[in-house]
Amino acid sequence: MEEPLNLVLFSGTDDKLNAAAVLTAGAAALGRPVNVFLQYWALEAFRADRIEADHGLAPEAGVAGREAVDALRAAGQASWAETLRQAKELGGVDIEACSLSMDLLHLEPGDLDPLVDGVEGVTAFYLAAGGGPVVFI
Amino acid sequence: MLETPSTPAITRTIDARGSFCPGPLMELIRAIRESQVGDVIAVWSSDRGSKIDIPRWIEKAGHRLVALETRDGYDEIVVEKLR
């Protein structure tokens with residue numbers, strides 16, 4: 001069994017979430033397990049009532065970056081949530097909410113989009129990660 | 001139409017033009033899962049990464065790259081499902 005890819009998502013902007021979704025889909029396409037751990041503002045973006053909203057971009061995007069991202073979206077680029085749904089259809093993708101961040105944001109499991117499989121602590125995340133790389137985005 | 005084993009007839013064509021990375025590969029994988037062994041699937045992609053990524057995925061997944069052709073503004077990648 002190949003070691004899983006483990007993504008810790010901290011940032012909640014659409015550009016970083018899209019980068020994470022593409023990395024997840026690529027690994028899933030190769031049959032590699034992916035564990036996604038949602039913390040802080042990334043978890044906020046997975047709220048069921050906000051997942052399709054505009055989550056802004058990282059500060060370095062600037063005005064030109066905003067225009068470039070908008071143009072790609074207008075040309076038909078899938079949202080990061082849709083890319084993650086496609087990745088999960090391939091199998092092997094597990095998305096967990098960090099329990100500390102759930103407390104921080106006063107969230108209950110029912111507040112989250114169905115993309116999220118559950119809530120766990122950091123120890124459970126590391127146990128699932130095994131010897132695979134941990135990437136923080 | 002004359003057919004040889006090296007140029008099998010295309011069973012299904014997926015038009016993924018206008019879809020961005022990794023969309024065309026996602027669509028191809030879905031089609032392959034829905035297909036039978038021996039089916040030949042063509043995917044059309046205007047995403048520049050596809051002509052690199054999709055053949056490598058085909059090799060890793062244990063299928064056969066039948067053809068890769070660059071057309072006007074897009075690439076046609078043809079794969080035979082082997083397993």
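**Close-up views of chains A and B**

**View 1. The contact between chain A and chain B.** The contact draws 12 residues from chain A and 11 residues from chain B, where two residues are in contact if their C-beta atoms, placed from the backbone, lie within 7 Å. On the side of chain A that touches chain B, helix H1 (14-29) and helix H4 (80-90) of chain A each supply at least two residues, and H1(A) gives the largest share, four residues. Helices (H or I, at least four residues) and strands (E, at least two) are DSSP runs, numbered from the N terminus. The residues on this side of chain A comprise eight nonpolar, four polar and no charged; Ala, Val, Leu, Ile, Met, Phe, Trp, Tyr, Cys and Pro count as nonpolar, Asp, Glu, Lys and Arg as charged, and the others, Gly among them, as polar. This is a predicted model, in which local features need pLDDT of at least 70 and side-chain atom pairs count only at pLDDT 80 or more, while totals for chains, interfaces and linings use all residues. Residues are numbered from 1 along each chain as its sequence is written, and chains are lettered from A and ligands numbered from 1 in the order in which they are written.

View 2. The buried residues of H4(A) include A:Trp80, A:Leu84, A:Ala87 and A:Leu90, a residue being buried if 20 or more other C-beta atoms, placed from the backbone, lie within 10 Å of its own. Among the elements that cover them are H1 and strand S3 (93-98) of chain A, together with helix H1 (23-34) of chain B. After H4(A) comes A:Gly91, which has a positive phi, near 95°.

**View 3. The packing of H1(A) against H4(A).** These two helices, H1(A) and H4(A), pack at an angle of about 15°, with their axes 9 Å apart, the axes being lines fitted to C-alpha atoms over the stretch in contact, and angles running from 0 to 180 degrees between N-to-C directions. H1(A) is therefore roughly parallel to H4(A), a description used for angles under 35 degrees. The residues of this contact divide into 10 nonpolar, four polar and one charged.

**View 4. Paired strands in chain B.** Strand S4 (residues 75-80) of chain B pairs in the antiparallel sense with strand S2 (residues 40-45) of chain B over six bridges, and two strands pair if DSSP finds at least two bridges between them. B:Ser45 stands opposite B:Asp75 in S4(B). Strand S3 (residues 64-70) of chain B also pairs with S4(B) in the antiparallel sense, over six bridges, and B:Glu69 has B:Glu76 in S4(B) as its bridge partner. S3(B) and S4(B) form a hairpin with four residues between them, and B:Gly73 in the turn has a positive phi of about 85°.

Methods. A residue is buried if 20 or more other C-beta atoms lie within 10 Å of its own, exposed if 12 or fewer, and partly exposed in between; C-beta atoms are placed from the backbone. Angles under 35 degrees count as roughly parallel, over 145 as roughly antiparallel, 65 to 115 as roughly perpendicular and the rest as oblique.
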